[in-house]
Amino acid sequence: MIETAPRSSLPLAAVAAALAALAVLPLFLSDWIVFLIALALAKGAVVLGVVMLLRGGLISFGHALYFAIGAYTVGFLANRFGVGEALVALPLAIVISAVVAAALGLLLARFRGIYFAMLSLALSMILYTVLIKFYDLSGGTDGLSVRGFALAGMTPAHPGLAQYYLVLVLTAAVVYVGGRFLASPLGYLMQAVRYNEIRIEYLGASASHAILASYVVSGAVSGLGGALTAYLVGHVSPEFAFWVYSGDFVFVAVLGGTGSVFAPLVGSVAFEFVKNYALKFSPHTWQLTLGVFLLLVIYFQPQGLWSLLTRWRARPR
Amino acid sequence: MMSVEPGMGVSVIVQAFAVVGIGGLGSIGGAALGCIVVGIARAAAVQLFPEIELFVIYALMVAVLLWRPQGLFGAIELRKI
């Protein structure tokens, strides 16, 4: 298989410029916007997980499962064991998510289309009900508060800022890993899964293997996104595993588009900002504003917000 | 008996999803049977094991899909080359 870079990959200079812009942003913007961007990037990592599967034509309607696993790993460590160290909790969140994804992926790789969506939904709802019912363990509907954030043994004087840079570095890493994965033969195989699975088998590759591998990577990335969100928000609750969260992730994936590893982040930032400004300017009708925005994007940009950029680049000059 | 409120669809839609998953897509009889199975299972769980009341619908759906990936009465789709 010939390895080529994904067509929609950005020039390195543009990526570096965007990263630099994000890095100096806290100097100019107020704390709440910085928090919002960090939250959007952390959730964007989960959306990237959804997009990895969408490229194979598989809609995971249960990615809140890994979001919640990551978040509750951080919550348990901080709340029950008094370990707020991010360098311990984050790798653990990734490993646990990946292990769960590997176990469930063996099962899910047999399913396609709507059944894949329904089964993943059911699995995340099972976690949701377990989190609610086992009050002694998980704090029930109260959730767990995440205290004592520490990074490399130090307690930052300005935790919000430290978390912002942590999120920024890790999201960049996730995007890099995601891009490498999608550009690998296995990543290309996922696109083939969407079009014709039997031909893949005739070519001597395994569709189930590709789906399983993608699912594990996707779960690990989503777990990291959930863990980062837990630190940012400072509280984890069973709603993290609820299907409305899964629905949001799928929605943001569609909003951003599946054409690039950057698209989920763009979609996620746009989603969080529109939601917040809608709340600010029309507190009683913010759902209406958000809904109209999403409808307009889907109507005029069915390929997602990312296609605005690629179309602009493809324009003859 | 339910009260009418703007968010009432939310509580029904996921259960409807589970019913269709259990009964099988495209099968009206399957949906009818799925409704009865889900309703009885939920009611029985509330009565007998209240801890797993919410859990039981999804566990049932997972069990059925593992046993019959296309649901109880769903048609098996032939894959085209």
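Biologist: How many salt bridges does the rule find across the interface of chain A and chain B?

Modeller: This is a predicted model. To count, a Lys or Arg side-chain nitrogen must lie within 4 Å of a carboxyl oxygen of Asp or Glu. Across the interface of chain A and chain B, the number found by that rule is zero.

Biologist: How many residue pairs are in polar contact across that interface?

Modeller: Here the test is a pair of N or O atoms within 3.5 Å. Both pairs found between chain A and chain B have pLDDT 80 or more. The count of residue pairs is two.

Biologist: Which element gives the largest share of the side of chain A that touches chain B?

Modeller: Helix H5 (113–133) and helix H9 (197–202) of chain A each give two or more residues to that side. The largest share is 12 residues. Those residues come from H5(A).

Biologist: Is A:Thr171 buried or exposed?

Modeller: A:Thr171 is found in helix H7 (residues 159–183) of chain A. Leaving out residues up to four places away in sequence, A:Thr171 touches A:Leu41 and A:Leu265. The cut-off for buried is under 20% relative accessible area. A:Thr171 has 5% relative accessibility, so A:Thr171 counts as buried.

Technical notes. Residues numbered from 1 in each chain as written. Chains lettered and ligands numbered in written order. Predicted model: local features only at pLDDT ≥ 70, side-chain atom pairs only at ≥ 80, totals over all residues. Heavy atoms only, no water. Polar contact = N/O pair within 3.5 Å; in protein donor to acceptor, adjacent residues only side chain to side chain. Helix = DSSP H or I, 4+ residues; strand = E, 2+ residues; numbered from the N terminus. Buried < 20%, exposed > 50% of the residue type's maximum accessible area, 1.4 Å probe, protein only. Contact = heavy atoms within 4.5 Å.
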